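Hi there,

Here is the structure I promised to pass on to you. Have a look at it first, and then read on for what turned up in it.

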Amino acid sequence: MTFHHEVNSQQQEAIRTVEGPVMVVAGPGSGKTRVLTFRIAYLIQIGVPAYQILALTFTNKAASEMRNRIVGLVGEKSRQLWMGTFHSILARILRVEGKSLGYDSNFSIYDTADTLGVIKQIMHESGISAQQYNPQAIRSRISSAKNQFLLPEEFARRAVDLFEEKSARIYSEYEKRLRGNNALDFDDLLIKPIDLFHHHKSILQKYQDRFRFILIDEYQDTNHAQYVLIKLLADRYRNICVVGDDAQSIYAFRGADIRNILDFQHDYPDAKVIRLEQNYRSTKTILAAADQVIKHNVDQLSKNLWTENSDGDKITLLVCQDDRDEGATIVSRIYRESLNRKLDLKDFAVMYRTNAQSRALEDAFMQQSVRYVIVGGVRFYERKEIKDVMAYLRLLVNPHDDESFLRIINVPGRGLGNVAVQRVRSFAAHHSIPLVQACRRAEEITTLLPKAKKGLRLLADLLDKYSHMMKEMSASEVSRAFVDEIGILRLFKEEGTPESMARWENVQELLTAITEFCIQQPEATLAAFLQDQALLSDTDQWDDKHNAVTLMTLHSAKGLEFPVVFIAGLEEGLLPFSNSSQLDAKQLEEERRLYYVGLTRAMQKLYLSYARVRFRFSELSYQSPSRFIDEIDQELLESTGQALQAASTERWSFPAVQSRHRKKITDSDAQYHTDVAPDYDHDQDELKPGTMVVHEIFGRGKVLQVTGSGDALKAVVEFSSAGKKNLLLKYARLRLL
DNA sequence: ATTAGGCGATTTTTT
DNA sequence: ATCGCCTAAT
């Protein structure tokens, strides 16, 4: 293998230092992926069997791309490499070893929505009001308790307030249910293997022995549980190589612990530390800007990034009137740049802090007919029809999965309402049997209406029939026949609306995915498919073969690069994000790292943009430009105000805003983006009876009456097309005429 | 007594 | 767009 002339000396060292602990501190664009790829290829080349190598990556997509490259370098024997995300590798281990913990290998994996459903049910049953205690908050409290290895009893003992006491009660029941359902949540996938290794030393030894060489990418984003796992696994051979960049740690909110990377040398005093500081990705301008920004973080290892690339163009700040203007401006810039730089649409990415921002951008792309793809947002596997079909399939492989059963018990409609469902559940609880079994014995539930009994009977028969067929047919064949017989495809066809046809296609797409999975891995089970799907990330599903502009959150952008990058919504409160006024130093630093990740995705040209006025939570909000803009030297920046004037004349805007800010907009940029947002408050004095407004859907209308205040501000509007409507202004997106 | 359908509330980032 | 709550329909 001849990689010698393709890598610099630090990279070379990182590739060849294969024994003992190694930490590679890799700045953005420093060829980290290339180092990991070559390092693994090198290991295989010097005779290490591929199955003795464990490589943990941040996305499955990264894993499969890397695997293919390695196969290209050293051949098919490298296929046996263990490579994937923490979660998918551990799911694989649990499929084999779960028995020792009392889990069947067909376990279901519950995503955040599934777990929230379980929590809501428990709350409902134990009479804890969802109004009083936010189920989301409880869910995340339970999750963090689990990640600290706190069992329900211990957590209950430590509860300091009523909220924690309630959480503890729910937590305890939650654990029972998941176990009863033969289901694991995302946290369990990390925690259960730790339990397993603690209680079964022989199993631990088996895996320690198998994984003689361990590599971990994006180490700065590992959490405590992942840290413990790695320590356990690497304990025997200590051939551990971690690659990361503390400046790119952006998952503290989910428990990622930056100390894992900062303390690596403490854990492994003999660790060799290799720094990759030459950047091959970005222009000098972009790199300098990123460096200036990250220097504002106190709690940061300092690095000396440099590049031989050219200076490149200045960073352009797009000053926009509102969120629609921002979208329109970005799209027209993309159009211009693609001609000037002879770039394809796929060379552009627009990044933002929150998924909600994608909507205004999307509108602009549609209006100007520029192809785009959104990463994340409303994900494929979060669509109702997909979740329904997945629930059916999960139930087929794991009949204990009550959560999935409840999802589909009345899909398609079987004339079962809430009351009927409750009866089935109490019957099941009384007999301590899974809901599927209760369903099979529907005749015994005397209080059920004949219609309900019949529906349940049919459902039970259907499930029985296909679970028998599972034994003889391939996963793909069974799924197709099963989904067909469920009848939802037929329903979509009958409805015939564009929406239901889209749903029909989505289900077909899912079936195709199953078929492909079966072709690729003939040995694989339906359970494995379902488990894999549950662990797919947004970027895993991103298809970069389309020639289209990519829209994504800054979080999803991690690890990617694009010739031209736009970072939208650089406003205080949005980036850096804060939902209240306080933003503590730690949070601010994480926001800054997120911004840094965004900046360093750009190769040739970087755009920043902000809007003076934006619909946030579907409410007008006026925020000042982000402090992050000021953290870049003026010399590296150029700013445009013209774009905004051109765009704002074409559309309705807010009279009050225009009169107040038109002048400032033409002022010098320096003054402009450092000034403070006006304490202007949109409300009654703007919107009063008689005002003419425009609604996105209903069109033109006249305000008849205004009531309420704050979030509850409402208006009665008479539309010429739709008549009188009572609108909650928080959501109505009214524009003044 | 039950169910189905209308209407209002809901959006930080994610494996 | 989807979920939960309320009310009208059966």
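At roughly what angle do the axes of helix α9 and helix α10 cross? Before the answer, a word on the ground rules. This is a predicted model, in which local features need pLDDT of at least 70, side-chain atom pairs count only at pLDDT 80 or more, and totals for chains, interfaces and linings use all residues. Residues are numbered from 1 along each chain as its sequence is written, chains are lettered from A and ligands numbered from 1 in the order in which they are written, and side-chain values use heavy atoms, with hydrogens and water left out.

Now the two helices. The axes of α9 (residues 186-199) and α10 (residues 201-210) cross at roughly 110 degrees and come within 5 Å. Axes here are lines fitted to C-alpha atoms, for helices over the stretch in contact, and angles run from 0 to 180 degrees between N-to-C directions. Helices (H or I, at least four residues) and strands (E, at least two) are DSSP runs, numbered from the N terminus. The pair α9 and α10 is therefore roughly perpendicular, a label for angles of 65 to 115 degrees. L196, F197, H198 and H199 of α9 make the contact with K201, I203, L204 and Y207 of α10, where contact means heavy atoms within 4.5 Å.

Next, the sheet. Six strands form an open sheet with parallel pairing, in the order β3-β2-β6-β7-β1-β8; two strands pair if DSSP finds at least two bridges between them. At the edges stand β3 (82-84) and β8 (272-276), each with a single partner strand, so one side of each has no neighbour in the sheet. On average, neighbouring strands of this sheet are turned by 10 degrees against each other, direction ignored. Helix α11 (residues 224-234) lies across β2 (53-56), β6 and β7, at about 160 degrees to β6.

Q10 sits in helix α1 (residues 9-16) and is partly exposed, with a relative accessible area of 36%. Leaving aside neighbours within four places in sequence, Q10 is in contact with I274, R275 and L276. The C-alpha atoms of Q10 and Q278 are separated by 9.3 Å, although these residues are 268 apart along the chain.

Q300 lies in the loop between α14 (284-294) and β10 (306-307). Is Q300 buried or exposed? Q300 is buried, at a relative accessible area of 17% (buried means under 20%, exposed over 50%, partly exposed in between, with a 1.4 Å probe and protein chains only). Beyond neighbours within four places in sequence, Q300 touches D246, A247, I294 and R593.

Finally, the whole chain. Chain A has 31 helices and 23 strands, and 56% of its 737 residues are buried. The largest nonpolar core has 56 residues, of which F405, L456, L463, F482 and L526 touch the most other members. Such a core is a set of buried Ala, Val, Leu, Ile, Met, Phe, Trp, Tyr and Cys residues joined through side-chain atoms within 4.5 Å. Helix α17 (residues 384-397) gives this core its largest share, nine residues.

Enjoy exploring!

Technical notes:
Angles under 35 degrees count as roughly parallel, over 145 as roughly antiparallel, 65 to 115 as roughly perpendicular and the rest as oblique.
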